[in-house]
Structures are given as C-alpha cells and as structure tokens.
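Please find below a colleague's note on the model under review. The sequence and structure come before the points.

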Amino acid sequence: MADYLAVGIDPRLTTICLQSALPALAELSALYMNIVTVARVERNPTVKNEIAQKGFARSLPVGFLAYPISQAADITAFKAELVPVGDDQLPMIEQTNEIVHKMNSLTGEPVLRHCKALLSEVSRLPGVDGNAKMSKSLGNTLTLSATEEEIHHAVSAMYTDPTHLRVSDPGHVEGNVVFTYLDAFHSDKARVAEMKSPLSARRAGRSPV
C-alpha cells in the first residue's frame with residue numbers, strides 16, 4: 001500500500017483491492033481456462049522466457065503456466081480498457097484480447113471489453129545485475145521501500161561494462177545499466193549526455209557514474 005501511495009495512486013480515485021479476497025477472479029480464471037489451449041499459452045514469449053529463467057523445463061507448475069489467464073481475468077473483470085504495463089507484458093495484453101474475442105463470440109454479445117497497453121517512455125528497466133528484466137524472483141530489483149543503504153549497495157554493484165577492465169579502456173554506453181537508469185530518472189539530460197561522451201565514459205569506469 002505504501003508503494004502505491006508513493007507513486008501517486010490516489011485511493012480517493014482508485015479502488016485498491018486484495019486479489020485473493022475476490023473469489024470471483026479465481027472463478028473467472030477457471031472459466032477462461034476452458035477456452036485457452038496449453039499450446040497457445042506455451043507460445044507466449046514472456047511465459048517461454050520465464051520458464052527458461054526459472055529452469056522449469058517439464059517440471060512446470062500448472063499454476064505458473066496459467067498465470068497469463070489469471071491476468072486476463074484481472075483485466076477483464078474490471079472492464080479495463082487501458083492497462084499500464086512494461087513491454088514484456090505486451091503478449092499478455094494480446095492474449096487477453098484473444099480471450100475477450102472468444103468469449104464475445106461464444107455469447108454473441110460484447111460482454112467483455114478489449115484493452116490496450118499503456119507504455120511509459122521507459123517501457124522496461126533491466127535488473128541491477130544486467131538481466132533484461134527486473135524481477136523480485138531474480139533478486140535484482142530496486143524497491144521503492146529500500147533504505148538509503150540498500151540503494152547504495154545495489155547501485156554500487158550495478159552491472160556496467162564487462163569490456164572495461166582498465167581505466168584506460170574505452171567505455172561503452174550500450175548495455176550499461178547505470179546509463180539506462182540515468183536516462184530514466186536523471187532530471188539533467190544534458191549532464192547525462194555529457195557523461196555518455198567517449199571521454200567521460202572512459203573516465204567514469206565503474207564507480208563515479
């Protein structure tokens with residue numbers, strides 16, 4: 001709840017609920033599972049990537065495989081038409097709309113609404129370890145509730161440039177997590193651009209940035 005308030009969600013305008021306290025969502029998920037095939041869920045690139053990351057192989061929990069269907073229930077139950085997501089969640093939005101189309105076809109009426117993804121300027125942040133996705137399960141996050149000490153520790157250990165072995169080596173901006181975060185959050189874009197210059201990147205190495 002504190003994180004929601006910290007990012008500006010106003011409880012006077014937004015209903016905040018506990019998913020597990022709404023049994024109708026589980027019931028809706030079970031209904032959707034009867035119109036979505038296993039093959040379709042397995043083709044979802046986000047699901048495929050996370051299966052590989054977690055090393056599930058064929059020891060895949062059914063609940064994990066079905067979570068895109070649960071997400072579709074979360075979206076459609078509240079008639080959401082604009083859903084804020086990272087770009088890795090676009091396949092989930094696509095699958096939700098497939099479910100909407102199927103249900104509307106079965107009922108012969110537009111009982112569910114199609115939705116669109118709302119992407120920010122920075123549609124995905126990499127993990128502090130350089131992984132393409134920040135994830136609590138991977139332990140590579142910077143949380144809103146982190147203490148100053150925790151943030152300092154995480155930033156100090158950030159993945160930067162694996163080719164920069166000596167101070168004299170040229171630096172690289174591409175793939176440098178520190179610069180990705182500076183692009184996203186630093187208010188002085190001119191200063192960030194200055195740090196990205198070849199000379200500044202070479203001087204910066206790992207720690208000053």
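1. The model is predicted: local features need pLDDT of at least 70 and side-chain atom pairs count only at pLDDT 80 or more, while totals for chains, interfaces and linings use all residues. Residues are numbered from 1 along each chain as its sequence is written, and side-chain values use heavy atoms, without hydrogens and water.

2. The largest nonpolar core comprises 18 residues, and Tyr32, Val47 and Ile99 have the most contacts inside it. Two or more residues each come from α2 (23-32), α4 (45-54), α5 (62-65), α6 (67-77) and α7 (90-107). Another core, of nine residues, lies apart from it and includes Val178, Phe179, Tyr181 and Val192. A core here is a set of buried (under 20% relative accessible area, 1.4 Å probe, protein chains only) Ala, Val, Leu, Ile, Met, Phe, Trp, Tyr and Cys residues joined through side-chain atoms within 4.5 Å.

3. Beyond its neighbours within four places in sequence, Ile99 is in contact with Tyr32, Ile35, Val36 and Ala72; contact means heavy atoms within 4.5 Å.

4. In α4, the buried residues are Thr46, Val47, Glu50 and Ile51. They lie on the same side of α4 because they cover an arc of only 135° around the axis, taken from the directions from the helix axis to the C-beta atoms. Their cover includes α3 (38-42), α5, α6 and α7. Asn49 and Ala52, which are exposed, sit on the face turned away from the buried side.

5. Met1, in the segment before α1 (2-6), counts as exposed (over 50%) because its relative accessibility is 59%.

Note on methods. Helices (H or I, at least four residues) and strands (E, at least two) are DSSP runs, numbered from the N terminus.
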